[in-house]
Amino acid sequence: MSEARKNFLEGARAEVPLLIGVFPFGMIYGALAINAGLSTTAAQLMSSILFAGSSQFVTAQLTHDVTPAAVIILTIAVVNVRHMLYSASLAPHLKDLSIKWKILLSYLLTDEAYAPSIINYEKEGIHTYKHWFLFGAGFSLWFIWQISTAVGILLVGFLTNNDILKAIPLDFALPLTFIAMVVPVLKNRAMIASALSAGLVAVLAFSLPYKLGLILAALTGIIIGTLLEEKKSSGSTL
Amino acid sequence: MNIWLIMIAGGLITFGMRFSLIYLFGRFEVPETMRRALHYVPPAVLSAIIFPELFFQNGSIALTLANTRLIAGLAAILVAWFSKSTLLTIIAGMVVLLLLQLL
């Protein structure tokens, strides 16, 4: 098996637990978009044009509420600002790729593709084919997102009157997978402080609109971690 | 028509943000502090996603034993810590959550 193929499959495999949580999420989006009055075509194509779960929910909802286009577009921008952090975080690992690869991988850069990829990159270090890992994770997520959207659109009537789906906590697979990814990274005081401070701020600032709490929390965790690490390294030189 | 304008503009902006630093990174020297700071993006972002999922129940903070997701999440954190296995962590969290929901 070629190295490229091997890395692609590893990325896709790392994505599987996340897909379990994403599938119902995509179905709910599809059903909600139809209920909000979008055409089947628009509801389906939004999943590949925007390809960003929470902003698709927001867009469907705001369109339904007849919000001015400029406000919706601005809201999408704010909800998706966190992707700049992922872009910055992955950038050093992708810097030698061609522009075509950079465009393709940027298009596929979601929360769920970012998480397993950066964890893999920080662990495995630099090697030639590692962008195939992100491609494998990102593509499998993209594929499942399109399929689950279509299923949601088709089953819209069934989904909106069904309580069984709500009783099965499949959505909990997402935080669980993120737990499995983040815990092994917590190897020193700075990492632990970064995670705990970000988590605390995320809870306290959760009521802020447009995922601003998430961005505030992430920035807090990044600053706390960096400061603690600098303190430690400057301390050791004394 | 309006929805298409919204989707295309929103899509372009979203792509632009995803592409921004991946594109710029190779083009200028990145300060050492920023390089170091980027290592904290994964723990910070992932924790910022995880914590509200565990601590909130029906829209408000619930620090009680009745918060099944918090208990299941803590169990998953313990299993992740000792096993370092994604599969075991997810199974443990799911099993604990399902058991607590049955009680």
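Student: In which helix of chain A is Leu105(A) found?

Tutor: This is a predicted model, in which local features need pLDDT of at least 70, side-chain atom pairs count only at pLDDT 80 or more, and totals for chains, interfaces and linings use all residues. Residues are numbered from 1 along each chain as its sequence is written, chains are lettered from A and ligands numbered from 1 in the order in which they are written, and side-chain values use heavy atoms, with hydrogens and water left out. Helices are DSSP runs of H or I with at least four residues, strands are E runs of at least two, and both are numbered from the N terminus. On that basis, the element of chain A that holds Leu105(A), residues 99-107, is helix H6.

Student: Is Leu105(A) buried or exposed?

Tutor: Buried means under 20% relative accessible area, exposed over 50%, and partly exposed in between, with a 1.4 Å probe and protein chains only. Because its relative accessibility is 1%, Leu105(A) counts as buried.

Student: Which residues is Leu105(A) in contact with, leaving aside its neighbours within four places in sequence?

Tutor: Contact means heavy atoms within 4.5 Å. With those neighbours set aside, the partners of Leu105(A) are Leu94(A), Leu97(A), His131(A), Leu134(A) and Phe135(A).

Student: What pattern does chain B follow along the sequence?

Tutor: Chain B has five helices and two strands. Read along the sequence, their order is α-α-α-β-β-α-α.

Student: What separates the centres of domain 1 of chain B and domain 2 of chain B?

Tutor: An automatic or database domain assignment supplies the bounds, giving domain 1 (1-38) and domain 2 (40-103) in chain B. Taken over C-alpha atoms, the separation of their centres is 31 Å.
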